[in-house]
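Please look through the sequence and the fold shown below before reading on.

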Amino acid sequence: MSSGPEPGPGPGIRTGTGTAPSIGPGPELPFLPGCAIKDPTKTSFHRNQTLDFKNGYAFPRLPREGVGGTLFANQLSQDELDNLCTKGTTLTYGQVKRPAPSPFTPAFVAYDKKVLKFDAYFVEEVAMSPEENYRIRQVGLYYYLEDDSMCIIEPKVKNSGLLQGKLMKRHRVPKNEQGDYYHWKDLNLGIDLTIYGRTYRLVNCDCFTKVFLESQGIVVNPPEELVSDPYTEQRRMPFQKPIVPASPDPFRQFLTYDTKVLRFYAIWDDTNCAFGDHHPCIIHYFLADDTVEVREVHKRNDGRDPFPVLMRRQRLPKIFVDKNKNFPSCVLEITDHEVQEWYSPKDFGIGKTVTLLGRTFLIYDCDKFTQDFYREKYGITDFQPVDVNKKPLEKVPQVIPPYNGFGIPEDSLQNCLSLFPKPPRKDIIKMLENNLKVLRYQVALESPVPEDKNRRFILSYFLSDDTISIYEPPVKNSGILGGKYLKRTKVTKPGSTPENPIYYEPSDFTIGSTVEVFGHRFVITDADEYVLNYLERNAESFPAATVQSIRDHFLPRKVVMETTSSGIPKKDLDDLIVEVQKELKLQEPFNTRQFHEAFHHFDKEGSGFLHKARFLNVCDRFHVPTSTILLKKLIDYCSCDEDKVNYREFLLAFPSDLFPEAEGQDQQLNSQLT
């Protein structure tokens, strides 16, 4: 049976949260200006939390209370809700009470800031130290319960020389290759824990760790003693000072000979090594502690690094004790029981050779204080310095190899004068003054071959650099390909040697002289008028015979020109040529090109003049009517005297296009023959 309703509070009063009841019975007043009543008992104005956890997940919920914890209208308090959850129907034997479900708390909230701390150590091998073979390093292992992560931190030890601090950052540590991770259930005292190939020995833990493990049902092993590093313990022991023998007294020696130094001048002969030399040095022997210092004397621009000290100040051993053959020779620290005798002042003197740390020094002089010291203590009176000046080397004459024929001798000689040959120097002033000045000569090839007798060449002499080039004008149907015969180069005279080459000069070129160019002989037959003008302007620089030869060659031409200029005017000559051409067109056509070549062929000297009999013979061969009035008049005009005719002016009346039909027939005949 159910019981009746329980008595409740009177009208107008709410129960539940313990906050002050609303003032006055009945409904509240409207929230209007002048109608609001301020509750003086209200002191809390916070807004309630709307976030909560459920089954390990965060979720939002609606606010259950208003600002300051006041309930909304028609809202039950938390106590009323809890009572309703536990209250049931009233039975005969009493009311049934049901406990409220316990709230769920996630692991990262329950174990937040809860860390298991273990004291551990690991053994590290030391391979390159004669004082220790292994090293004990103490660390702290921290296990974070909230996310099952671990980190290892080593306390920093002052002046340890090791990188200490956090050895392993915080993360989940893999346990095996199957993908498992270390858990707090795997941790206990007295076990070896291998992490990333390094084995840690867990020896102790803190109180929280022990209580937590025991609360989880784990039997904690008894703690062990933390092993210390033997080398660290050895360094903490007090240092034992070495026992100084009673005699000789080093302090008395220091007070007696302080600031007193013996100075010797020596030479270190290093010529046996690559790039070795004689190094001047100064040896200082400090009488206060029997130490030796060697300084190298540097000179300006000696090509060496300016290191002032060759050997630092130290005691130098003279004779070693016979040591075991198995003793390692890489040890550089030398103790007193390993040395039988050290260097002393009696081992140094002028003319003596001392070996200091593998270097041999010849002492050739010393200063005045050193002389006085040896005179008083050892009774030495001979301090004559040793002459160590280098003897001047005999200069070996350079032998120039013979010229091999490649290039010009000056250019090939540069390979013998330096390792990196440079081009021979040129006369820049001469090149600028004689730029574009060229002397041209017509030469004939002197050869026993009949085909070479009629070949004509143009020899050009460049005044800027005394070079010569030879060009052969192409002649049609000659069977010889014309063009460049010799590129621009210097040409030596016959009989000159490669050691002292003698090159051709403008004074060597006279009419009729022979020029030998690399085994080919050329005879000068003609010259350009610029050659005569240049030689006459610079007559003081050339032999008189050279200038007179060119002047005699051009003398007939000047006579002809003077005769021509004093004869018929040029206008009358042009009119006469036109009349002759009209008359020739009425005659039988012939090849005017061959007509021109015939005159040049008979003019061996290239002067432009032929004997009158030879001239008339050539005209008769080509059936030229020389008996006509106009041609006789033209021949008379071109005659310079009774025996010679200027055929060049005569050929002005016979241009190449005078008989075009004859040229066409010759070309057709040549094509049929080929």
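Which helix gives the most residues to the lining of the second largest pocket? Helix 12 does, with six residues. The model is a predicted one, in which local features need pLDDT of at least 70 and side-chain atom pairs count only at pLDDT 80 or more, whereas totals for chains, interfaces and linings use all residues. Residues are numbered from 1 along each chain as its sequence is written, and side-chain values use heavy atoms, with hydrogens and water left out.

The second largest pocket holds about 950 Å³ of space. Its lining is made of 26 residues, of which Asn 454, Arg 456, Val 475, Glu 597 and His 600 are the closest to the centre. Two or more residues each come from strand 20 (456-462), helix 12 (592-602) and helix 15 (647-650). A pocket is defined on a 1 Å grid over the protein atoms alone, as an open set of points where a 1.4 Å probe fits, with protein on both sides within 12 Å along at least five of seven lines, and lining residues have an atom within 4 Å of a point. Grid points are joined across faces, edges and corners, and the volume is the space filled by probe spheres set on the points. Helices (H or I, at least four residues) and strands (E, at least two) are DSSP runs, numbered from the N terminus.

Side chains of opposite charge can pair when their charged atoms come close. The structure holds 25 salt bridges, each being a side-chain nitrogen of Lys or Arg within 4 Å of a carboxyl oxygen of Asp or Glu. One of them joins Glu 233 to Arg 236, at 3.3 Å from N to O; these two are separated by about one helical turn because they are three residues apart in helix 4 (residues 230-236). Glu 233 counts as partly exposed, at 35% relative accessibility, while Arg 236 is exposed at 62%; buried means under 20% relative accessible area, exposed over 50%, and partly exposed in between (1.4 Å probe, protein chains only).

Another salt bridge, at 3.1 Å from N to O, brings together Arg 313 and Asp 289. This pair links distant parts of the chain, 24 residues apart, with Arg 313 in strand 14 (residues 309-314) and Asp 289 in the loop between strand 12 (278-286) and strand 13 (291-296). In the pair formed by Glu 293 and Arg 295, the closest N and O atoms are 3.2 Å apart; Glu 293 is buried, with a relative accessible area of 10%, whereas Arg 295 is partly exposed at 31%.

Most residues other than glycine have a negative phi. Lys 113, although not a glycine, has a positive phi of about 65 degrees, and this residue is found in the loop between helix 2 and strand 5 (115-125). Lys 113 counts as exposed because its relative accessibility is 75%. Asp 148, also not a glycine, has a positive phi of about 55 degrees and is found in the loop between strand 6 (134-144) and strand 7 (149-154).
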